[in-house]
Amino acid sequence: MLPTYYGTREQLSHKEAYALKKYLKRHSLLTYENFLLDPALFTWVNLDCHHCRQVHPTTCCEDGQPYSMSIEAEELLATHAKDIIQYYHEPSRMKQLEQVGFLEITERTNGISTIRKCDGNCFFYVADDASGYCSIHRYAEQQQLDHGKIKPYSCTLFPLDIIEMEGSLLLTALTEDTMSFSRWGKEYSEYLCVNFALRKTKGLPEDHFPLAGYKPAWHWSRELLLQTFGEALLTAIEKMEDPSHLTYEERLQP
């Protein structure tokens with residue numbers, strides 16, 4: 001059976017599964033209970049989503065489509081979909097919701113339903129704001145709901161990846177070495193949020209992906225990992241983290 005992207009109903013392709021198999025043979029991972037903890041978790045990342053549109057042609061929600069959701073998350077989103085569209089979208093989007101719904105089955109997801117695309121973007125993406133935003137996330141915050149349960153799990157996970165395989169869960173993050181099997185692929189390889197080395201060469205305003213804002217990838221998903229797997233896993237990751245990590249000044253060196 002092929003490995004599965006955690007939080008979805010989608011399997012890796014045969015090509016991705018083969019790339020994953022090779023990666024596991026070449027890299028040393030820490031085993032904790034049923035988890036395989038990849039040092040890629042400590043890759044320097046800065047999720048400066050507020051400035052993404054000023055630096056890159058599209059954000060995560062634009063020109064793309066979320067991975068599938070669990071049945072439970074899909075059903076929960078369905079109970080709130082009309083309110084979300086009514087609060088944050090134009091009336092035409094409500095008409096689309098009533099006519100065709102917010103889900104579609106695509107070839108990319110191997111016949112599994114996922115949030116449909118509309119005007120080339122995620123159905124719930126709002127583009128009329130200066131930076132654009134996810135209406136599901138904004139609705140959850142304003143209604144004091146757990147956005148991690150109502151949004152597709154993958155949308156909250158970036159830049160980490162979790163892969164289910166033969167009773168184990170691989171916890172890793174997007175890097176040049178993992179993109180061959182990661183759900184994120186190669187699409188974000190030139191995005192500054194996950195490419196610290198490239199950011200150092202860019203003459204951007206200091207508040208755009210500030211160098212001092214980069215920190216190990218898993219820190220950005222700390223709350224999600226805590227809610228999903230509990231405090232013990234975070235403790236295991238912290239013990240794995242090298243206390244001799246480079247300082248911020250050392251990281252700025254060529």
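Author: At 47% relative accessibility, Tyr87 counts as partly exposed. This is a predicted model.

Reader: Which residue does Tyr87 form an aromatic pair with, and what are the distance and angle?

Author: The partner of Tyr87 is Tyr139. The two rings are 5.9 Å apart centre to centre, with 35° between the planes, and the pair is tilted.

Reader: Is Tyr139 buried or exposed?

Author: Tyr139 counts as buried, because its relative accessibility is 4% and buried means under 20%.

Reader: Where do Tyr87 and Tyr139 lie in the fold?

Author: Tyr87 belongs to helix α3, while Tyr139 belongs to helix α5 (residues 135-142). The pair therefore ties together parts that are 52 residues apart in sequence.

Reader: How many aromatic pairs does the structure hold?

Author: There are 15 aromatic pairs in the structure.

Reader: Why is the pair of Phe196 and Tyr214 called edge-to-face?

Author: The planes of Phe196 and Tyr214 stand at 70°, with the ring centres 4.9 Å apart, so the pair is edge-to-face. The cut-off for that class is an angle over 60 degrees.

Reader: And what parts does that pair, Phe196 and Tyr214, tie together?

Author: Phe196 is in helix α8 (residues 196-199) and Tyr214 is in the loop between α8 and β13 (215-216), so the pair ties together parts that are 18 residues apart in sequence. Both Phe196 and Tyr214 are buried.

Reader: Which residues form an aromatic cluster?

Author: One aromatic cluster is formed by Tyr6, Tyr32, Phe35, Tyr153 and Phe229.

Reader: Turning to charges, which ring does the charged end of Arg138 sit over?

Author: The charged end of Arg138 sits over the ring of Tyr133, at 3.6 Å from the ring centre.

Reader: Let us move to His89. Where is the place of His89?

Author: His89 is found in the loop between α3 (71-88) and α4 (91-100).

Reader: Is His89 buried or exposed?

Author: His89 is buried, as its relative accessible area is 13%.

Reader: What does the side chain of His89 make a polar contact with?

Author: The side chain of Ser135 is the partner in that polar contact with His89, at 2.9 Å. Neighbours within four places in sequence aside, the contacts of His89 are Ile84, Phe123, Phe124, Tyr125, Val126 and Ser135.

Reader: Which residues does Leu225 touch?

Author: Not counting residues up to four places away in sequence, Leu225 touches Leu160, Ile162, Leu171, Trp218, Gly230, Leu234 and Ile237.

Reader: Finally, how many helices and strands are there in the protein chain?

Author: The secondary structure comes to 12 helices and 13 strands. The radius of gyration is 19 Å, close to the 18 Å that the globule rule gives for 254 residues, so the protein chain is as compact as a globular protein of that length.

Reader: What share of the residues counts as buried?

Author: Of the 254 residues of the protein chain, the buried share is 50%.

Note on methods. Residues numbered from 1 in each chain as written. Predicted model: local features only at pLDDT ≥ 70, side-chain atom pairs only at ≥ 80, totals over all residues. Heavy atoms only, no water. Helix = DSSP H or I, 4+ residues; strand = E, 2+ residues; numbered from the N terminus. Buried < 20%, exposed > 50% of the residue type's maximum accessible area, 1.4 Å probe, protein only. Polar contact = N/O pair within 3.5 Å; in protein donor to acceptor, adjacent residues only side chain to side chain. Contact = heavy atoms within 4.5 Å. Phe/Tyr/Trp six-rings, centres within 6.5 Å; stacked < 30°, edge-to-face > 60°. Lys NZ or Arg CZ within 6 Å of the ring centre and 35° of its normal. Rg over C-alpha atoms; globule rule 2.2 N^0.38 Å.
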